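Student: Could you take me through one part of this model in detail? I'd like to see how one chain meets its partners.

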Protein chains: 4
Amino acid sequence: METSRVTNQYLEDNLETEFKCLDHGFVRVVDYMGDESSIVQAARVSYGTGTKSVSEDKNLIRYLLRQGHSTPFEMVEIKFHMKLPIFVARQFIRHRMASVNEYSARYSILDKEFYIPKLQDIQPQSTDNKQGRSGELTEKQANEVKEILLENSNNAYWKYEVLLGEKKGDSKFSYHEDYNNTFYDEKFPGIAREMARMVLPVNYYTQWYWKVDGNNLLKMLKLRNDKHAQKEIRVYAEAMTEILSGWMPNVFDAWVDYMAESYTLSKQMIEALRKYMTVEDFEDELKSHKDISKREKEELINLLKGN
Amino acid sequence: METSRVTNQYLEDNLETEFKCLDHGFVRVVDYMGDESSIVQAARVSYGTGTKSVSEDKNLIRYLLRQGHSTPFEMVEIKFHMKLPIFVARQFIRHRMASVNEYSARYSILDKEFYIPKLQDIQPQSTDNKQGRSGELTEKQANEVKEILLENSNNAYWKYEVLLGEKKGDSKFSYHEDYNNTFYDEKFPGIAREMARMVLPVNYYTQWYWKVDGNNLLKMLKLRNDKHAQKEIRVYAEAMTEILSGWMPNVFDAWVDYMAESYTLSKQMIEALRKYMTVEDFEDELKSHKDISKREKEELINLLKGN
Amino acid sequence: METSRVTNQYLEDNLETEFKCLDHGFVRVVDYMGDESSIVQAARVSYGTGTKSVSEDKNLIRYLLRQGHSTPFEMVEIKFHMKLPIFVARQFIRHRMASVNEYSARYSILDKEFYIPKLQDIQPQSTDNKQGRSGELTEKQANEVKEILLENSNNAYWKYEVLLGEKKGDSKFSYHEDYNNTFYDEKFPGIAREMARMVLPVNYYTQWYWKVDGNNLLKMLKLRNDKHAQKEIRVYAEAMTEILSGWMPNVFDAWVDYMAESYTLSKQMIEALRKYMTVEDFEDELKSHKDISKREKEELINLLKGN
Amino acid sequence: METSRVTNQYLEDNLETEFKCLDHGFVRVVDYMGDESSIVQAARVSYGTGTKSVSEDKNLIRYLLRQGHSTPFEMVEIKFHMKLPIFVARQFIRHRMASVNEYSARYSILDKEFYIPKLQDIQPQSTDNKQGRSGELTEKQANEVKEILLENSNNAYWKYEVLLGEKKGDSKFSYHEDYNNTFYDEKFPGIAREMARMVLPVNYYTQWYWKVDGNNLLKMLKLRNDKHAQKEIRVYAEAMTEILSGWMPNVFDAWVDYMAESYTLSKQMIEALRKYMTVEDFEDELKSHKDISKREKEELINLLKGN
């Protein structure tokens, strides 16, 4: 189709591409609005200055992100189709400034698709990180864990179908036989979908449309690419970060430099640095760093001088 | 403690009261800010009028709710501690204008508490409502469903503990024995909590603090008391509605009259009513309805007259 | 440009069209994402049903809007460039679920553009509506008011420029001469833009980019097309409603029927109708109303029967 | 009144205290919910650990703020009554996650109260900061500016009253006489309040109730205490920061250390520091800094080592 809107070649080439995540999940761009020129355009409305060169646009984007001027980044939107395990969806949904339409298990029957981690991702509880995992299992142990997860997932789906009245018999588990004997004697009609789904564990896949603006995307990606985020959601954040880098490369670079790989010094850390450093020497060191702008160098030097 | 803040006797009497929901869940008020006098106070700032009588306050509240002047209702807050099944939590969380701190299964081990419906709540899929249930099962069928749900829940928790490395052996299921044989031969350390929880089905209970302002509470309660809402979330909405009625009785009454039990006529329905009715006769009928204000009667009559 | 995204011919034809508002204002579509097919698509993810016919799409949209299923409407976005008086901007900004980048009077000098109402819009305070206007002035009075507004606006801008250090002399007001004498004796550098703008009255025009999703657009348009909204913001709402009707005609129709021209009966009004009506007769009347769906007729009849 | 809620002595002592801002403005706490114990309580629900000592509470708060775990801070609320110039209100309102009820100039007549800066605050446009002021005027110039602001404000209010039909004659300006002659010949009824207010400049005071949760308060205070914020809004931010420090001293301290007086190093700055520093020496320096936690020291050292 012909459009007069801002068009982004990378996204056009990748609409419909499934960026695979985990064993059965994916992230796919369904629609988008704008690109980094839209951010620049909005910023220039606020600041009242006209169109500028490409390098000035790049610097403006870096300046905006660095200074926390977040509203121009709200001027772009992206809509994803995602397939993801319920426990990952439960983490994503905490980012409230997004729009979501999720597949409803009240209306429809969920597919038999569940997440089973790769052997190397099955790890013991971390001892120093209360919310993480680290170390490794023996291969035999990891395989046994995988077997339990598989059996649990299959078994739950078997019951799901039995409860929906859609499954008749044959199972390797004797208690499955028992259900069949019970129900199919008496023309069991199945129970409501909204109830039957209660047996499904949180590693089952759900799907949704998830739409977000650029500002909220960047904040989410910072949090969910973090090493403290659960590995499974990080996989989705990585796929979305790849999409970001193709869509808005200068925004991506600025995000890496000022958000993802930045570090916030506390007031006390700044004081410790001030005591330790000879600012003049550091000023010399900075001269060779062409990738730091003049304004940023001045700011950092002033900080260390205590100005 | 002594406070100069607006204090509400009903909530003071009920702080810490667990309003029971389903088999193991509850809603409990932890804290609150303001009561209906706060709503009136905020509305009077906007409209610049001074303090008024109690009956005028009540009418102002009714007027605000009826006219959709929602911002004064944002001026009160309530914070609940809730215990609720994961699938219910997944519905609640769609109300984005609330603040939530949920028990984290990455940090902690979930208790063995799960929701099993009462026999009479176990119903077939509704045939005319794609998202609901209706009709009934035989008692034998309902009991069998309950058995499946129980077995599924217990079984999943058994595996959860096995995966956490906390369970040694003995089970009535032969495959459970197999796990034990495998793992406990070789000092299985358990896997990370964030992974082990993947086996738990969505009828397991979670807990959270859930805080909301008055406006968003009223909107949520309308949606979740609705007959289209799933019965299990309705139980929570009903408990919260009871709390609302004790906390702010005039707001509750206005909510019943203008939101919960109101009905929105479409433009076409209005036209049909206009054709059918003799407005003068209806005007007579209205005279005996003392519970409709003069202003509302005029408005309704004008609507039917097509003014 | 070529795009694989959903494209809307009406908006493509009207990108860059200035929909004039008031004397100098406008609304202009800068960008958009999706159209009503996007709403249908999102709803079908939730409800798990496949692509359907055009008439089913239309009915689905009507159903969603009627039932308050608002999330699918969030799946479309529109971005406007607007020029509007400050007092109107102050009303718009209360719709918090929008993204805004406004022209900043700290960075830039505002243009000399201000809103002067047409003679017929200059009206006395309404006596029965505390927030409105009604009745009329004599032509002479209206002209005098206009003169005051003009003089005030011009005078303020004169001072604005004087304060910015950009204006030298000549004015019909003697005190203007005095300023010049004072300042230009002594090389007055002008004061900061962020201070100088304090003299400007709220009928001065500002500009912004204002971006919103479909759901929040519909809610805003309902409130701001209402007869209780100030006439000046209504003019903007009307322009945006025209754009809506071209962009998503079925959504517009549903919005008219179920939001803009609907009427919400209170519980007490329903009771009064029940007493007055012979439901069977009304059921007959309804038969001839082909524009009310079967489902809606049943619902209304059940309501009136008290089922 | 007696309450079982969390009560904060500082706020109890200061409910109703007007913290003066600018010449006629103020910030006053009207109501609040919770204090820092509420934040700790919510965090402990998420992380599943029990009540701890006071010093552990303080460290938990610092940890939460440092790590960007913002949701527990949403669990407290504060409601302010504020009087502030319109141009300051226009900046505040950009913080969308707050609830607002503003005095309406459609319903009521604004008081004759306007902001006139102190002489030393009347400054030229900054040459290196496009959005700021710096340098100074001569006393004579500053006095003249003040005169213009005063005259503009008085003059506008004079017209406001004339337009409202409330002012009869006598003025030092000849055109004022003209208005009177015109209007009072012919029983001018005044124009609607919503129109008359159009003549008022943005330095006029408005009032509102402004309610916000702790998380959004901290973010707003960071932005509005910043040296790039306009001085007039900074005055309000400072008053609110004082209130914060009395209400939740540990949160205030953490906010100073990790937000207000922190500094975010870009990826490139980190690289420059790595090149410059001898990490072992800096590790020695850090030993004497008792106010930096062990965990933070390790983190910083690891960062500088490039681990």
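Tutor: Let's begin with a term: a salt bridge is a side-chain nitrogen of Lys or Arg within 4 Å of a carboxyl oxygen of Asp or Glu. By that rule, the interface of chain B and chain A has 6 salt bridges. This is a predicted model, where local features need pLDDT of at least 70, side-chain atom pairs count only at pLDDT 80 or more, and totals for chains, interfaces and linings use all residues. Residues are numbered from 1 along each chain as its sequence is written, chains are lettered from A and ligands numbered from 1 in the order in which they are written, and side-chain values use heavy atoms, with hydrogens and water left out.

Let's stay with chains B and A. One of the salt bridges joins Glu151(B) to Lys159(A), with 2.8 Å between the closest N and O atoms. There are also 33 residue pairs in polar contact between chain B and chain A, both residues at pLDDT 80 or more. (A polar contact is a pair of N or O atoms within 3.5 Å; within protein, one must be able to donate a hydrogen and the other to accept it, and residues adjacent in sequence count only if both atoms are side-chain atoms.) On the chain B side, helix 5 of chain B gives the most, 13 residues. Helices (H or I, at least four residues) and strands (E, at least two) are DSSP runs, numbered from the N terminus. Sorted by type, the chain B residues that touch chain A are 34 nonpolar, 15 polar and 18 charged. Here Ala, Val, Leu, Ile, Met, Phe, Trp, Tyr, Cys and Pro count as nonpolar, Asp, Glu, Lys and Arg as charged, and the others, Gly among them, as polar.

How much of each chain takes part? Contact means heavy atoms within 4.5 Å, and 67 residues of chain B are in contact with 67 residues of chain A. Together the two bury about 6000 Å², 57% of it on carbon and sulfur atoms; buried area is the accessible area (1.4 Å probe) that two parts lose on being put together, summed over both.

Now turn to chain D. Here 40 residues of chain B are in contact with 40 residues of chain D, and the pair buries about 4000 Å², 51% of it on carbon and sulfur atoms. Chain B and chain D share 4 salt bridges, including one between Arg5(B) and Glu12(D) at 3.4 Å, N to O. On this side of chain B, helix 2 of chain B has the largest share, with 6 residues.
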